[in-house]
Amino acid sequence: MIQVIADSLSLGSVYVLFSLGLSLSWSVLGLLNLAYGAQFMLGAYFAYLFGEHVHASLLVVLPVAVVAVAATSVIADYFVFRWLRIRAGTPVESELAMLVASIGLAAVAETIVQNATDGNSEFIPSSTYKVRTLGFGGSTLHITNIQLLMTVVAIVLTIAFAAFVKWTRFGRAMRAAAVDPATCELLGVNANRLFSVTMAISGGMAGLAGVLLGIDLTNVQFQMGDPLVTKAFAVIIIGGVGSIAGAAVGGYLLAFAETLVVVYGPSTYQDAISFALIIIVLLVRPTGLFAQRRWQRS
Amino acid sequence: MGYFTQNEVLFQQTLVYMILAISIQVVLRCGVVSLASVGFYTLGSYAGAILSKHGWPSLVIIVVVTVVSGLVGYGFGRPLARLRGLYLAMATLAFDLVLPVLLSNGGSFTGGSLGLYGIPVTVNTGTLLAIVVVVIYAISQLERGWMGRASLALRSDEDLARSMGIRVARERYLAFAVSAGLGGLAGSLSGMLFRAVSPSTASFGVITLVLAMAIIGGRESWLGAIIGAYLVTWLPVWLGFIGLYQDLFFGLILVAVMLFFPDGLLGAIQLGVSTLRLRRKQIAT
């Protein structure tokens with residue numbers, strides 16, 4: 001049972017790390033970024049490249065990958081998403097346009113890595129980043145140090161990010177822009193700059209999740225982000241779009257449910273859980289478990 | 001004739017995708033991002049395969065699957081009607097993607113994760129073409145008529161549409177029903193054309209493909225869906241020479257269309273034609 005809890009904690013941390021950035025761009029920009037999985041994969045690919053060819057340590061790889069992937073987000077926003085937002089007549093139109101464009105961007109990024117790796121999955125041996133299995137209480141609990149690190153990072157990031165959005169000037173501007181960008185501009189917020197920074201944070205989180213999870217999974221493949229994107233949708237919907245605490249609770253809840261089904265139930269239904277949860281939550285309580293009054297437009 | 005028989009399967013696939021692209025377009029035109037018709041496409045393909053294995057005549061299967069899908073789609077419309085924008089996209093995406101899991105757990109009835117194969121081919125290209133023509137005719141009538149104008153109003157301003165006396169909810173249910181029915185129709189056809197059905201029909205890849213068809217061609221008219229389905233299905237053939245970079249090209253096309261031709265290729269063509277006419281008029285006067 002302790003092992004089940006530990007497994008769901010580390011799986012849940014993966015989901016939380018992955019979902020925070022996706023939830024952010026959805027709530028602030030109305031962008032359901034389907035290229036997020038590709039950005040995550042880029043982060044993991046950086047971990048592979050630097051580990052195998054430069055023999056850099058995690059302390060070097062992590063900031064480089066975070067900055068590089070954040071840069072892809074800013075570039076995508078500057079050249080594509082910004083123009084789609086400006087031109088669209090209604091929020092639904094701009095959401096659809098950005099969604100479709102993000103599919104195209106995902107294809108571009110994935111094809112580049114597919115060609116670089118010949119479509120194979122590249123191996124990151126556990127020796128590269130000194131991954132070890134730690135045992136606690138004899139043999140009751142096994143967890144690797146990278147899983148432990150992911151759990152800590154997920155929890156710290158969630159708290160730090162929630163505090164950032166709640167208490168800083170910039171966080172307040174972000175929340176305001178999520179509700180009404182036009183009024184926000186009238187009140188002296190540079191919405192375009194705000195959106196760029198939001199995209200950078202979102203991309204940086206994708207890069208961070210990619211590095212850590214790439215090392216944990218020990219391999220990198222150009223489509224590795226796709227299954228996680230659909231899981232992240234479930235996490236975001238359960239918690240409520242834009243709610244950071246909601247994403248955290250949703251991530252751990254989904255991971256716990258999945259681990260339970262794998263251990264005790266019909267494990268072939270594992271992938272159905274996230275979709276079933278999306279449908280149920282949207283039908284029963286579309287605002288998610290942690291709905292805030294004016295955070296989102298449902 | 002040699003060219004045609006060589007590429008017959010691809011032609012058939014193009015025709016099936018045309019119906020599917022129209023089915024997505026019908027809802028998009030109302031300003032509703034629903035991806036549910038890909039799910040009905042998958043269910044329809046299984047229904048077509050199973051019923052035709054039981055020896056049902058193909059035309060009966062087509063009619064039954066289309067009508068049942070339409071009715072189920074109408075029923076779906078009710079609980080989904082209060083969801084907007086990305087939330088609706090999400091709900092319908094979840095509906096699509098839960099199907100492969102259920103179908104691969106369906107035992108011998110659905111053939112598990114391999115799907116069903118060895119299905120008798122009971123539809124030929126001629127019948128398929130005739131059905132596509134009928135669908136296009138019906139949709140073009142809908143577009144010109146009351147429903148087309150109502151959905152245009154709905155997309156540009158819902159409150160305004162309501163104040164003009166358009167029953168917003170009813171239009172949405174109808175669009176849902178038509179979309180689901182066409183999805184089921186396309187599915188039942190593919191079940192009886194291609195000898196095999198598999199749970200992976202309802203995948204992320206197929207959903208993005210169909211969405212791309214509706215968007216690249218243009219959303220304003222059925223002609224856009226036809227152009228889009230044709231282009232997207234044949235692009236891999238034309239781009240065979242660049243090998244693995246096909247998808248990169250596809251992605252760039254998608255982004256470029258969104259940036260420069262928001263009304264799709266059809267919109268671009270119409271714009272070009274009207275500019276030319278205007279110029280000719282200016283020269284004449």
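## Helix contacts and selected residues in a predicted model

Leu142(B), Glu143(B) and Arg144(B) of helix α6(B) meet Trp146(B), Met147(B), Gly148(B) and Arg149(B) of helix α7(B), where contact means heavy atoms within 4.5 Å. By class, these residues divide into 3 nonpolar, 1 polar and 3 charged (Ala, Val, Leu, Ile, Met, Phe, Trp, Tyr, Cys and Pro count as nonpolar, Asp, Glu, Lys and Arg as charged, and the others, Gly among them, as polar).

This is a predicted model, in which local features need pLDDT of at least 70 and side-chain atom pairs count only at pLDDT 80 or more, while totals for chains, interfaces and linings use all residues. Residues are numbered from 1 along each chain as its sequence is written, chains are lettered from A and ligands numbered from 1 in the order in which they are written, and side-chain values use heavy atoms, with hydrogens and water left out.

Axes are lines fitted to C-alpha atoms, for helices over the stretch in contact, and angles run from 0 to 180 degrees between N-to-C directions.

| Helix pair | Axes come within | Crossing angle |
|---|---|---|
| α6(B) (residues 125–144) and α7(B) (residues 146–156) | 3 Å | roughly 60 degrees |
| α3(B) (residues 36–53) and α9(B) (residues 168–193) | 6 Å | roughly 40 degrees |

α6(B) and α7(B) are therefore oblique to each other, and α3(B) and α9(B) are likewise oblique (angles under 35 degrees count as roughly parallel, over 145 as roughly antiparallel, 65 to 115 as roughly perpendicular and the rest as oblique). The contact of α3(B) with α9(B) has 6 nonpolar, 12 polar and no charged residues.

Ser23(B), in helix α2 (residues 8–28) of chain B, touches Ser37(B), Ser179(B), Leu182(B) and Gly183(B), not counting residues up to four places away in sequence. At 0% relative accessibility, Ser23(B) counts as buried (buried means under 20% relative accessible area, exposed over 50%, partly exposed in between, with a 1.4 Å probe and protein chains only). A polar atom of the Ser23(B) side chain lies 2.6 Å from the backbone oxygen of Leu20(B).

Two residues other than glycine have positive phi values: Thr218(A), near 65 degrees, and Arg195(B), about 70 degrees. Thr218(A) is found in the loop between α8 (191–217) and β4 (219–220) of chain A and is partly exposed, with a relative accessible area of 24%, whereas Arg195(B) is exposed at 53%.

Key
Helix = DSSP H or I, 4+ residues; strand = E, 2+ residues; numbered from the N terminus. Polar contact = N/O pair within 3.5 Å; in protein donor to acceptor, adjacent residues only side chain to side chain.
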